[in-house]
Amino acid sequence: MEKAFLSEQKARLEREAEAIRKNLSGFADPDTGHHSSGAFASRFQDMGRAEDENAGEVEMYQNNLSLEADLEHSLGEVESALLRISHTTYGTCQKCGEEIPVDRLTAYPAAITCVKCKTTL
């Protein structure tokens with residue numbers, strides 16, 4: 001794989017990781033007690049309402065928990081791709097060992113499988 005392409009992908013993945021972290025920081029804090037560097041803990045938004053009127057707060061918190069899980073998963077995929085770049089295994093299908101086409105990596109930089117193996121998972 002060409003060094004220029006790898007450099008572009010690395011920069012793209014780093015920007016994506018930063019955007020995900022920024023999005024997460026809007027409603028969650030890094031979970032320093034968790035073993036994963038990409039773990040966050042959603043904040044409960046206390047809107048100062050009476051206890052019996054906090055259904056909106058609870059609903060927002062539940063929605064944030066779901067969004068947090070999705071964003072943490074995406075961040076994990078991006079960080080994994082960055083590790084594969086540093087370990088020179090980026091672009092190799094983890095199922096068949098063949099090179100993942102550049103078009104697929106351009107469309108989905110965190111891809112771990114080629115299209116053929118993705119469809120057989």
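Contact, in this tour, means that heavy atoms lie within 4.5 Å of each other. The structure on the screen is a predicted model.

**First stop: Arg84**

Select Arg84, which lies in helix α2. Then display its neighbours: leaving aside residues up to four places away in sequence, Arg84 touches Thr89, Tyr90, Gln94, Ala110, Ala111 and Ile112. Which side chain of opposite charge is nearest to Arg84? It is that of Glu77, 8.5 Å away. Arg84 is buried yet has no salt bridge.

**Second stop: Ser86**

Remain in helix α2 and select Ser86. A polar atom of the Ser86 side chain lies 2.8 Å from the backbone oxygen of Leu83. Ser86 and Leu6 are 80 residues apart in sequence, and their C-alpha atoms are 9.9 Å apart in space.

Proceed to Thr88, in the loop between α2 and α3 (102-107). Is this residue buried or exposed? Thr88 counts as exposed because its relative accessibility is 70%, and the cut-off for that class is over 50%. Inspect its backbone as well: phi of Thr88 is near 60 degrees, a positive value in a residue other than glycine. Most residues other than glycine have a negative phi.

Now select Leu13, Ile20, Leu24, Leu75, Val78, Tyr90 and Leu105. Of the 22 residues in the largest nonpolar core, these touch the most other members. The elements that give two or more residues to this core are α1 (3-25) and α2 (55-86). Helix α2 gives the most, with six residues. In soluble globular proteins, nonpolar side chains tend to be buried together.

Centre the view on Ile20. Not counting residues up to four places away in sequence, Ile20 touches Leu71, Ser74, Leu75 and Val78.

**Last stop: the cysteines**

How many disulfides does a search of the whole structure find? The search finds zero. Select Cys93 and Cys96 to examine one case: Cys93 is in no disulfide, and the nearest cysteine sulfur, that of Cys96, is 3.7 Å away. A disulfide would require the two sulfur atoms to be within 2.5 Å. Cys93 is buried, with a relative accessible area of 3%.

Finally, select Cys117 and Cys114. Cys117 is in no disulfide, and the nearest cysteine sulfur, that of Cys114, is 3.6 Å away. Cys117 is buried, with a relative accessible area of 6%.

Methods
Residues numbered from 1 in each chain as written. Heavy atoms only, no water. Core = buried A, V, L, I, M, F, W, Y, C linked by side-chain atoms within 4.5 Å. Buried < 20%, exposed > 50% of the residue type's maximum accessible area, 1.4 Å probe, protein only. Helix = DSSP H or I, 4+ residues; strand = E, 2+ residues; numbered from the N terminus. Lys, Arg positive; Asp, Glu negative; His and termini not counted. Salt bridge = Lys/Arg side-chain N within 4 Å of Asp/Glu carboxyl O. Polar contact = N/O pair within 3.5 Å; in protein donor to acceptor, adjacent residues only side chain to side chain.
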